[in-house]
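Look over the sequence and the 3D view, then read on.

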Amino acid sequence: MSPSTGVFGSESPKLSVGAFTGAIGDSVTVLPVVVAIAALTELSLSHLLLGFAVFQVVWGVRYGLPVSVEPMKALAALVIAGSLTTDELVVAGLLAGVILFTAGSTRTLRRVSHYVGEPVVRGVQLAVALLLLETGIRLSLGSPAFATLAVGVAAIVSVAGYRRASALVVLGVVIPQTGLPTPQVPNVAFVLPSLSAASPSALEGTAAQLAMTVGNAAVATSLLLSDYYDADVSPDELATSMGVMNLLAVPLGALPMCHGSGGVAGKYAFGARTAWSNIVLGTLYALAAVFAVGIVAAFPLSMLGVVLALVAVELGRAGFDTDARWFAVGVGLLGVVTNVGVAFVVGVVCYILWNRRSDATPPV
């Protein structure tokens, strides 16, 4: 394997068509989630997009690879479902940033990941998917006509063989109906939450997010970068960069962000082979941030509900990608009945006890 050297090294590849098509692969889940958060909370769509714009470029240049930058989906799902306030989301994002930076800097992430088994990670993904699905269905029932239109568009796209892009296409159908707003550069404001936002809910959300981040955004992403691009980027290095990203971006109004194996796989499937896809996507996000003012206010929430349901289905499919499927389902259902943080803790304890009993063989 070869270490990353940065996109502007002496052997930097030229801009290609794959850089543009590959950029789509990382936006498939980013844009639907970001638009939903902006529509359902007081967070600014422009600031959310600007955060993704900056760090798409930063990590593309830093690693010289099509590294993904995605929302922290557990935290995103909790704030969309109303289980976290926006202040609690900020606290959880900052706390996750501190933990990831510390774990990555001290090279302890790989040791920690041994105790957070794959079935636990998949179970948390299922719980998050179910929360998003419930919210999506609830929003869709507000206007069945709009929801039916969105379902029809998604069905056509899926039958055509582009299932993963169906949520993004639904967004593309709706946005032109909102009209083109006046361009406006987002203002920069440094905001910290009140101490009261450091609540049990924020801590539970952080625990749930870290379960997904350790398994999916660090370990699995490291493996995919090695498989696809023959690159040597360790899970601890990715954890450090995620920690830095959140500590810098979250206080400026950005969404808690992470890397992710799904984004890397999506970019690769859509043709990304160099870091130019990050630069292209970052530029597109920046342009969208300038033109995003006013779009969310006109967005039909019932169609947004269908978009969330589509995202939930994709996330749920990933949750079943384990040999210990019944273990993952148990963790997922527990997360819905109680909360995702409790499900994570119980899942880790059960996984450790099972391994001790069965010589490191997880349940099936």
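What is the accessible surface of the protein chain, and what percentage of that surface belongs to carbon and sulfur atoms? The accessible surface comes to about 15400 Å², and 67% of it belongs to carbon and sulfur atoms. Keep in mind that this is a predicted model.

**The chain as a whole**

- The protein chain has 16 helices and two strands.
- It has 364 residues, and 54% of them count as buried.
- Take the contacts between residues at least 6 apart in sequence: 85% of these join residues at least 24 apart.

**The cavity**

- The count comes to one cavity of 30 Å³ or more.
- The volume of the largest cavity is about 50 Å³.

**What lines the largest cavity**

- Residues from several parts of the sequence make up the lining: V28 and T29, then R163, R164, S166 and A167, and finally L310, V311 and E314.
- Two elements, α9 (166-174) and α14 (301-319), each give two or more residues to this lining.
- α14 supplies the largest share, with three residues.

- Four residues of the lining are nonpolar.
- Three are charged, and two are polar.

**To recap**

- The chain holds 16 helices and two strands, and 54% of its residues count as buried.
- In the largest cavity, of about 50 Å³, the largest share of the lining comes from α14.

Conventions
Residues are numbered from 1 along each chain as its sequence is written. This is a predicted model: local features need pLDDT of at least 70, side-chain atom pairs count only at pLDDT 80 or more; totals for chains, interfaces and linings use all residues. Side-chain values use heavy atoms; hydrogens and water are left out. On a 1 Å grid over the protein atoms alone, a cavity is a set of points where a 1.4 Å probe fits but cannot get out, and a pocket is an open set with protein on both sides within 12 Å along at least five of seven lines; lining residues have an atom within 4 Å of a point. Grid points are joined across faces, edges and corners, and a volume is the space filled by probe spheres set on the points. Helices (H or I, at least four residues) and strands (E, at least two) are DSSP runs, numbered from the N terminus. Ala, Val, Leu, Ile, Met, Phe, Trp, Tyr, Cys and Pro count as nonpolar, Asp, Glu, Lys and Arg as charged, and the others, Gly among them, as polar. Buried means under 20% relative accessible area, exposed over 50%, partly exposed in between (1.4 Å probe, protein chains only). Contact means heavy atoms within 4.5 Å. Accessible areas come from the Shrake-Rupley method with a 1.4 Å probe; for residues, only the protein chains shown count as cover.
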